[in-house]
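Please keep the sequence and the model in view while reading.

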Amino acid sequence: MIGTLYEKVFDAHVVREIAENQFQLAVDVHLVNEVSSPQAFEELLRRGLPVAHPERTFASADHSISTGGDVTLFDDAMCEAQVDMLGKNALDNRLTYFDPMQGLHGILHVVAPENGLTQPGMVIACGDSHTSTHGAFGAIAFGIGTSQVRDVLASQTLIVDKLRVRRIIVEGTLAPGVFAKDVALHVIHWLGAKGGLGFAYEFGGDAVSAMSMEERMTLCNMAVEGGARCGYVNPDAITLDYLRGRAFAPKGAEWDEAATRWLSWASSPDAMWDDEVIFRADDIAPIVTWGTSPDQSVPVGAPLPDPGVAGGDAEDLRDAMIFMGGEPGRPVVGTPIDLAFIGSCTNGRLSDLEAVANFLRRTGGCVKEGVRALIVPGSREVREAVIAQNLDQLFAERGFELRDAGCSLCCGMNADRLVGRQVCASSSNRNFRGRQGSPEGRTYLMSPVMVAAAAIEGKIIDARALENLA
Ligand SMILES: CC(C)[C@H](C(=O)O)[C@@H](O)C(=O)O
Ligand code: SF4
């Protein structure tokens, strides 16, 4: 088949054309969380409609769940009501529920892939913008609003505009100490937080082909921070290796048939991309955001830009600089931190936590006095794998708190929040004002290893310097 993966998968899911470039699309997998689904379920009940495809609808409570170890404790009554509603709606409608009371919970974008629900060639929708994560498998996966959640519940379809496709190639090999998170931040820095509006991002090139599935998920997770509604990587042998044997993956003869079909979704060499941008892996260093938008970033060694001369909207840059307390021309290195957060659907997977553990072993580092450092697994399964490797002991010895699974400090919609003007080095994906629960709190985004280095030093530092890599 000729075309990009996006075109092929999209066209295969079209139910009908609604208007020019607008289509009703069939959805293979619908993921529902406690934040964006309660009103959608209410609306169905009000109209007397059943969930059209309960067997394709999967629920997990991630945003408001406590990571303190007792999932029955909530920060406030609203969090509790949301999680109760999700459990009840899942039960009433016979949905698969990754029930926290059974220890099955986690962030949907971590839980669905680890269960093999996310597969190449699928259309996946969820009332959450970081659904783009699932594109790592060669799926079209995107966030939707609550009214579309209602539509998908009622019909297993939704109405969307067809996007254009920008191919983003990363040539070469990433240097040691440079991670998928840095690639994501680099791309967003150069193309802008709104640069991808109207596009799906197809990521390719040697550096992307060499990435594990978890690294590809980090990359696609942040496509949406670059303005692209979805991002994807063409499926290959690494994709198949990841999926083989997972709970919802096909088995036996069905597996062989599926694997052949999955690989055929990849963009054909003669596909027509609407745009193409090439980056060189050599040019990518560990990146840190300094502002209040994910594109306001610098390579860790570089000075902060001067809003007067930097490109973009000078006023926005100046406002962000004042809010964060940065100084043009000064480096981001040396900025003192209060909290370190390792987790989220961007970087809360097992390989992220293993990378942190290995970094701690190599450097011998411990969390600096006065800094609070949280390690929050993206799912209970990740937490259990961490414990099975005795990494819980290592983390505890080095002063890190290993928490239960959830969104935690990524969004401050639970008890994990910044207070006042606190500064957080964070492995999550958004640094908007107030994002981590305090209107005045300040967030610096970076890779999990860079967060660990900041926790050890008590200030932002080039993690490579702690192990003589740079
Ligand atoms: C609360 C939820 C709907 C939201 C999203 O859409 O992404 C959240 O996950 C976020 O990361 O900001
Ligand atoms: S971890 Fe953060 S970005 Fe991901 S779904 Fe939760 S709140 Fe959104």
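Helices (H or I, at least four residues) and strands (E, at least two) are DSSP runs, numbered from the N terminus. Axes are lines fitted to C-alpha atoms, for helices over the stretch in contact, and angles run from 0 to 180 degrees between N-to-C directions. This is a predicted model, in which local features need pLDDT of at least 70 and side-chain atom pairs count only at pLDDT 80 or more, while totals for chains, interfaces and linings use all residues. Residues are numbered from 1 along each chain as its sequence is written, and chains are lettered from A and ligands numbered from 1 in the order in which they are written.

Helix H13 (residues 350-363) packs with helix H16 (residues 448-457) at an angle of about 40 degrees, and their axes are 9 Å apart. That angle makes H13 oblique to H16; angles under 35 degrees count as roughly parallel, over 145 as roughly antiparallel, 65 to 115 as roughly perpendicular and the rest as oblique. The crossing of H13 and H16 is right-handed, a term used if the near helix is turned clockwise from the far one by less than a right angle, with anticlockwise being left-handed. On the H13 side, Asp352, Ala355, Val356, Phe359, Leu360 and Thr363 meet Pro448, Val449, Ala452 and Ile456 of H16, where contact requires C-beta atoms, placed from the backbone, within 7 Å. This contact of H13 with H16 has eight nonpolar, one polar and one charged residues. Here Ala, Val, Leu, Ile, Met, Phe, Trp, Tyr, Cys and Pro count as nonpolar, Asp, Glu, Lys and Arg as charged, and the others, Gly among them, as polar.

Ala180, Lys181, Val183 and Ala184 in H6 meet Glu215, Thr218 and Leu219 in H8. The contact of H6 with H8 divides into four nonpolar, one polar and two charged residues.

How much of H8 is covered? Helix H8 (residues 213-221) is mostly covered, with eight of its nine residues buried. A residue is buried if 20 or more other C-beta atoms lie within 10 Å of its own, exposed if 12 or fewer, and partly exposed in between, with C-beta atoms placed from the backbone. Among the buried residues of H8 are Glu215, Thr218 and Leu219.

The ligands come next. Around ligand 1 are Val35, Ser36, His63, Gly127, Asp128, Ser129, His130, Gly143 and Cys411, each counted because its C-beta atom, placed from the backbone, lies within 6 Å of the ligand. This shell around ligand 1 has two nonpolar, six polar and one charged residues. Ligand 2 has around it Asp62, His63, Ile107, Asp128, His130, Ser344, Cys345, Cys407, Cys410, Cys411, Ser428 and Asn429. Its shell divides into five nonpolar, five polar and two charged residues.

Some individual residues complete the picture. Leu104 is found in the loop between strand S5 (96-97) and helix H4 (108-114), and counts as partly exposed because it has 17 C-beta neighbours inside 10 Å. Gln156 lies in the loop between helix H5 (146-155) and strand S8 (157-161), and its phi is near 60 degrees, a positive value in a residue other than glycine. Asn468, in the segment after H16, is exposed, with 8 other C-beta atoms within 10 Å.

Definitions and conventions:
Two residues are in contact if their C-beta atoms, placed from the backbone, lie within 7 Å.
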